[in-house]
Amino acid sequence: MRWDHLRLDGDPGAEPPLIERRAVARTFDTPGFRGMTFYEVRAKTIVNRVPAASRMPFRWTINPYRGCSHACVYCFARRSHEYLDLDAGADFDSRIVVKVNAAERLRAELASPRWRGEHIAMGTNVDCYQRAEGRYRLMPGILAALRDAANPFSLLTKGSLVLRDLPLLREAAERTAVSAAVSVGSLDPDLWRLAEPGTPPPRRRLEVCAALNGAGVDCGVLMGPVIPHLSDSPAQLDAAVRAIAEAGATSVSAITLHLRPGAREWFLAWLREHHPRLVVPYARLYGAGAYAPREYQEHIARQVRELAARYGIAGRVGHRPSPPPPDRPRQLSLLTRPDGRDDDGGCEGGGVGDGRVEGGAGWAAS
């Protein structure tokens with residue numbers, strides 16, 4: 001099990017610790033946490049280097065949690081749980097790793113002579129403001145450390161709990177560059193309940209966007225993901241962009257569903273159960289790999305750009321393009337590096353200057 005960098009205090013042993021033997025496992029008998037297990041670990045590093053080959057617009061990330069109770073069926077980060085010998089499905093949703101010393105480690109790493117004060121992105125693997133944050137309260141310490149170091153950062157979330165930390169975000173924004181984004185791919189309440197069961201409703205997330213901007217913290221919206229045949233009709237896109245504009249978002253970006261290993265199997269099983277009529281259309285769209293055809297992606301992006309212009313969103317408008325397709329339709333060559341890690345996105349693991357990579361990540365929070 002890949003836990004070398006997640007050791008507990010007072011345990012200098014050489015063997016990689018196993019969850020059951022080394023981490024403090026907790027369960028809570030409250031409705032919000034029933035059926036979940038939390039593994040409290042002490043991370044060796046918390047500022048993670050993004051692989052050099054990544055197309056992400058940032059080089060460093062912080063991920064205080066692994067696994068996510070949002071339980072989004074399409075979450076690209078699911079496969080990272082397999083690096084811990086956990087499954088990418090139910091385990092990812094219910095067995096959450098908590099890096100309880102995140103704030104302590106961050107202060108030490110920001111003070112390191114090797115640290116150059118570069119931008120740090122949060123919410124790039126799993127959501128920092130998932131349900132566990134309400135109990136563990138890791139983010140106030142993280143935000144305070146970034147504020148005190150005047151270190152620029154951004155965060156992406158589907159969680160309304162970010163408003164708890166609004167005073168800290170405002171204080172940080174007075175000292176350095178701070179930006180936020182909320183993820184809202186659709187306003188459809190039925191799709192939300194089925195595909196993102198652990199998240200706040202989409203309109204609540206837009207209220208978060210409005211509140212952040214109202215408090216002086218720049219906040220845009222990532223329309224992620226737009227799900228083919230379920231949230232991509234002209235009427236659905238129009239309703240979403242109109243509501244995003246009404247929330248005062250400073251920018252809007254659309255990203256089309258992509259299905260990497262781990263997420264792919266989990267999502268397609270969900271599709272067979274809830275939308276069996278779409279199994280064949282999805283085989284046509286995603287049969288050759290993780291990404292929908294580029295023409296489809298560009299069609300969605302063009303509609304979003306036109307709608308944003310119509311509704312007066314003045315900030316950056318666009319989409320994060322997927323990588324070009326491989327010469328031959330070999331799915332694994334598109335999705336993974338030879339060592340099995342994602343080659344597109346951020347990373348979880350690997351501290352300041354050490355160059356290690358623990359697992360794949362990407363842009364959208366889940």
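Reader: Why does Arg137 count as partly exposed?

Author: Its relative accessibility is 47%. Buried means under 20% relative accessible area, exposed means over 50%, and partly exposed is in between, with a 1.4 Å probe and protein chains only. So Arg137, at 47%, counts as partly exposed. A word on the source: this is a predicted model, where local features need pLDDT of at least 70 and side-chain atom pairs count only at pLDDT 80 or more, while totals for chains, interfaces and linings use all residues. Residues are numbered from 1 along each chain as its sequence is written, and side-chain values use heavy atoms, leaving out hydrogens and water.

Reader: Where is Arg137 found?

Author: In the loop between helix H4 (133-136) and H5. Helices here are DSSP runs of H or I with at least four residues, strands are runs of E with at least two, and both are numbered from the N terminus. Arg137 also has a positive phi of about 50°, although it is not a glycine. Most residues other than glycine have a negative phi.

Reader: What makes Asp85 exposed?

Author: Its relative accessible area is 55%, so Asp85 is exposed. Asp85 lies in the loop between S5 and helix H2 (90-94), and its phi is positive too, near 60°.

Reader: How do you know that S8 is largely enclosed by the rest of the structure?

Author: Five of the five residues of strand S8 (residues 153-157) are buried, so S8 is largely enclosed. On one side sit Phe153, Leu155 and Thr157, and on the other Ser154 and Leu156.

Reader: What makes S7 and S8 a pair?

Author: Two strands pair if DSSP finds at least two bridges between them. Strand S7 (residues 120-122) and S8 have three bridges, in the parallel sense, and Met122 has Leu155 as its partner in S8.

Reader: Why is H3 called roughly parallel to H5?

Author: The axes of helix H3 (residues 102-110) and helix H5 (residues 139-148) cross at roughly 15° and come within 8 Å. Axes are lines fitted to C-alpha atoms, for helices over the stretch in contact, and angles run from 0 to 180 degrees between N-to-C directions. Angles under 35 degrees count as roughly parallel, over 145 as roughly antiparallel, 65 to 115 as roughly perpendicular, and the rest as oblique. The crossing angle therefore makes H3 roughly parallel to H5. Residues in contact (heavy atoms within 4.5 Å) include Leu106 and Leu110 of H3 and Ile142 and Leu146 of H5.

Reader: And what makes H10 roughly antiparallel to H11?

Author: Helix H10 (residues 263-274) and helix H11 (residues 279-286) pack at an angle of about 150°, with axes 10 Å apart. That angle is why H10 is called roughly antiparallel to H11. Arg264, Phe267, Leu271 and Arg272 of H10 make the contact with Val279, Tyr282 and Tyr286 of H11.

Reader: Why are S1 and S5 called edge strands?

Author: Strand S1 (24-26) and strand S5 (65-66) each pair on one side only. They belong to an open sheet of four strands in the order S1-S2-S6-S5, with mixed pairing. Two bridges join S5 to strand S6 (residues 95-99), and these strands run antiparallel.
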